[in-house]
Amino acid sequence: MSKVLIVDDEEGVCEMLKDVLEDEGFEITLAYNAKDALKIMETEFPDTVLLDIRLPDADGIEVMDKLKQMGIEVPVILMTAFGTTEIAIQAMKQGAHDYLNKPLNLDELVLAVQKSIKMQRLVSEVAILREELDQETDSVDSFIGQSRHMQDVFKTIGKVVDSDITVLIQGESGTGKEVVARTIHSNSRRSSRPFIKINCATIPEQLMESELFGHEKGSFTGAVSQKAGKFEIAHNGIVFLDEIGELPLHTQAKLLRVLQEKEFERVGGTKSIEVDVRILAATNRNLEDMVQEGKFREDLYYRLNVVNVKLPPLRERKEDISLLINYFVKKFARKYNKNISGISQEAMIFAEKYAWPGNVREIKNVCEQAVVMARNSVLMLDDMPLIGNGNGFLEFKNNAKISLDTNDKRSLKDIVAEVEKQVILKSLNENNWNRQNTAKALGLNRRSLYAKMKEYDLL
Ligand SMILES: Nc1ncnc2c1ncn2[C@@H]1O[C@H](COP(=O)(O)OP(=O)(O)OP(=O)(O)O)[C@@H](O)[C@H]1O
C-alpha cells in the first residue's frame, strides 16, 4: 500500500484529506508542522508528501532545502493558498513535483497523488536498472576457459539456460560461480528482468529473513516501515543465493517453501505473497557433508541440486591460466590506458607453476596490480606482485612487510583503507584464501571479513 504524508497546520484540512485518500486505498500519516514532517520523512519513507506551503515553523522553500540537505528524495506536492504563488514557483524550482491551489479540487488532488506515486515507482525502477548496468559494465568479465573441464561447464550451462531449473554451482572461492549465474541470467528468457544477488554470508543472521522476504512495519525493533524483500523485488527474474551454506536453518525452511509453493509471508505479516523467480545457488562448502552433520536440510539440498555445476580450481585446469592472464592484462591495460602488449615468457612460466589458491579472482588482482606497476610494454616478472621462492614456485610479494610512505599525500582515510586491504590480502594468501582461517588470523568474524572483502573488491 502506498504511503502519503499530509502536512498542514489546519487539523480539519488534514482529517478531510486523510478520509479522501484513505478511501482511495492510500496509507496516511499526518504532521502539523515542518519539524515533525521532516522527522517522519526520514524514518517512515512515505511515497509522496502533500505539503502546505505555509507552516507555523517554515515555508515550502525551507522544507525543500532541508530535504535536499538531508538527502531525502520524495516527490512533494505543494498546497498553496491565494497570494503564495511566488513561493510555490520558487519551491517548484527547488524540485517540488507539483502544486495545487486551495481550496482544493479533490479529484485533482487524487489524480496528482496517483501520478506522483507512479513517477516515484519509475524513478526507483530506473535506479535499480542503472545500478545493475553500472555493476555489469564495471565488473562483468567474459567467461574465459578452454580446458576440458570448462568446456563441460559451458555445455551444462547451455542445456539449462532456457528452462527454470534450479542450479547449484559449487567450487572454491574465486573460481567463477557468480560468473556462471550471471551467464545463465543473461542468456535466459528472464534476462530483461532483475538478477538479484544475495550473499548469505554477509547478511547478519537476525536480518536474514527480513532481507529475503521483507517485513511489515513494527514487526521487530528497527522495522520502522514496511519493506519488500529481495524475492519480491526479483519477481519474474532470478535470485542468486551466494554462499548458500551460510543460510541459518530456520531460514532454510522458509526458502524450501518458496521453492515448493512459490509463496511466502513477510516477517510479521499474514498475507501470502506469490512470486515467480528462478533460483540459482552457489557455495564453496561441501553441502553433502553439511547435510550429514545436520547443518543443512536434506530436502532443501535436493531441491537446489537439480542440476549441479562444479567449477574446478585453477590448479586442476592449468591450461586456462595463460588465457586468463592475457585476457586480464588486455582488459586492465585498456582500463588504465597503458600501452602493454603482453607478458614475458619468464613471467608466464612462473605464473603457470603457481598454485593460485585464490583462483581466477587472484589472477585478476595480480594482473591489475602488475599493469598498474608496469614501466614497459611487456609485463616482466618484476612487475608482478609475485616472487619466486627458489624452488620454482611463486609466493606473493605481499608476504613482505607492508611499508608506509610518510610522504603519501592521500587522505588519512584512503591510506588506512589501502593498508587494511593489503593486510587482508596478505593474510588471505598466507591462508590459501581460506576465509575461515583468514578471519581467525585477523581476529575478525567471518561476516566482518566478508564485508571487508566486498568493500575492497576482493569478493
Ligand atoms: N572463467 C572466467 N573468465 C573470466 N573471468 C572470470 C572467470 N571466472 C572468474 N572470473 C572473475 O574472477 C572474479 C571472481 O569470480 P566469481 O565472483 O564469479 O567467483 P566465485 O566463485 O563466485 O567466488 P566467491 O566464492 O568468493 O563468491 C570475478 O571478477 C570474475 O569476473
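**Note on the cores, the ligand shell and the backbone details**

1. The largest nonpolar core has 46 residues, of which Ile 169, Val 239, Phe 240, Leu 241, Leu 280 and Ala 281 touch the most other members. Such a core is a set of buried Ala, Val, Leu, Ile, Met, Phe, Trp, Tyr and Cys residues joined through C-beta atoms within 7 Å. A residue is buried if 20 or more other C-beta atoms lie within 10 Å of its own, exposed if 12 or fewer, and partly exposed in between, with C-beta atoms placed from the backbone. Because domain 2 (140-312) and domain 3 (315-455) both give residues to this core, it lies between them; the domain bounds come from an automatic or database domain assignment.

2. The model is predicted: local features need pLDDT of at least 70 and side-chain atom pairs count only at pLDDT 80 or more, whereas totals for chains, interfaces and linings use all residues. Residues are numbered from 1 along each chain as its sequence is written.

3. Leaving aside its neighbours within four places in sequence, Phe 240 is in contact (C-beta atoms, placed from the backbone, within 7 Å) with Ala 181, Phe 195, Ile 196, Lys 197, Ile 198 and Leu 280. Another core, of 29 residues, lies apart from the one described above and has Phe 26, Ala 34, Leu 50 and Ala 112 among its members.

4. Around the ligand there are 21 residues, and Asp 141, Gly 176, Lys 177, Glu 178 and Val 360 come nearest; a residue is near if its C-beta atom, placed from the backbone, lies within 6 Å of the molecule. Helix 7 (177-187) and helix 15 (359-373) are the elements that give two or more residues to this shell, where helices (H or I, at least four residues) and strands (E, at least two) are DSSP runs numbered from the N terminus. Domain 2 (140-312) and domain 3 (315-455) both give residues to the shell around the ligand, so the ligand lies between them.

5. A cis peptide bond, with omega about -5°, joins Lys 102 and Pro 103, and Pro 103 has its place in the loop between strand 7 (98-101) and helix 5 (106-139).

6. Asn 236, although not a glycine, has a positive phi of about 75°; this residue is found in the loop between helix 9 (230-233) and strand 12 (238-242), and is partly exposed because 13 other C-beta atoms lie within 10 Å. Lys 262, also not a glycine, has a positive phi near 60° and lies in the loop between helix 10 (249-261) and strand 13 (263-265).

Conventions:
Two residues are in contact if their C-beta atoms, placed from the backbone, lie within 7 Å.
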